[in-house]
Amino acid sequence: MHCLDCHTHGTTSTAVGVCHGCGAAVCDTHARVTVRSVRRGPMLGGPDEAQARTVRCPKCAVVEAA
Ligand SMILES: [Zn+2]
Ligand SMILES: [Zn+2]
C-alpha cells in the first residue's frame, strides 16, 4: 500500500499506517501520530496506564486540531 498524500503529489512512498479519520494510507513523512494515556484502573498513574496511539493524515490532523 502506498501513501495517499505522496500519490497526490506524483510520488510513491510505502505506507506505514492508516488514517483514523478517513482511512487513507500514510507514509512516515505524512503520518500524524498523537499519543494519549489511557488508564484502565481507578488508580491515577497506576501500573495499568498505557499509551494509545492514533494515526491521522495531514488533512484530518488539521480538522482535529481546529
Ligand atoms: Zn506520504
Ligand atoms: Zn485522514
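Cys57 counts as buried because 25 C-beta neighbours fall inside 10 Å; a residue is buried if 20 or more other C-beta atoms lie within 10 Å of its own, exposed if 12 or fewer, and partly exposed in between, with C-beta atoms placed from the backbone. The structure is a predicted model, in which local features need pLDDT of at least 70 and side-chain atom pairs count only at pLDDT 80 or more, while totals for chains, interfaces and linings use all residues. Residues are numbered from 1 along each chain as its sequence is written, and chains are lettered from A and ligands numbered from 1 in the order in which they are written.

The average pLDDT (the predictor's confidence in each residue, from 0 to 100) is 88 for the protein, and 85% of the residues score at least 70. Among the elements, the mean pLDDT is lowest for strand 3 (residues 32-38), at 87, and highest for strand 2 (residues 25-26), at 98. Where pLDDT is low, the predicted coordinates should not be read in detail.

Two helices and four strands make up the set of elements; helices (H or I, at least four residues) and strands (E, at least two) are DSSP runs, numbered from the N terminus. Their order along the sequence is α-β-β-β-β-α. Of the 66 residues of the protein, 24% count as buried.

Cys57 is located in the loop that runs between strand 4 (50-56) and helix 2 (58-65). Residues up to four places away in sequence aside, Cys57 touches Leu4, Asp5, Cys19, Cys22, Ala24, Val26, His30 and Arg32, a contact being a pair of residues whose C-beta atoms, placed from the backbone, lie within 7 Å. Val18 is 39 residues from Cys57 in sequence, and the C-alpha to C-alpha distance between them is 7.9 Å. Cys57 also belongs to the largest nonpolar core, which has 11 residues, including Leu4, Cys19, Ala24, Val26 and Ala61. Such a core is a set of buried Ala, Val, Leu, Ile, Met, Phe, Trp, Tyr and Cys residues joined through C-beta atoms within 7 Å.

Thr54, by contrast, is partly exposed, because 16 other C-beta atoms lie within 10 Å. Thr54 is part of strand 4 and touches His20 and Thr34, residues up to four places away in sequence not being counted. A C-alpha separation of 5.6 Å is found between Thr54 and Val33, which are 21 residues apart along the chain. For the protein, 40% of the contacts between residues at least 6 apart in sequence join residues at least 24 apart.

Technical notes. Two residues are in contact if their C-beta atoms, placed from the backbone, lie within 7 Å.
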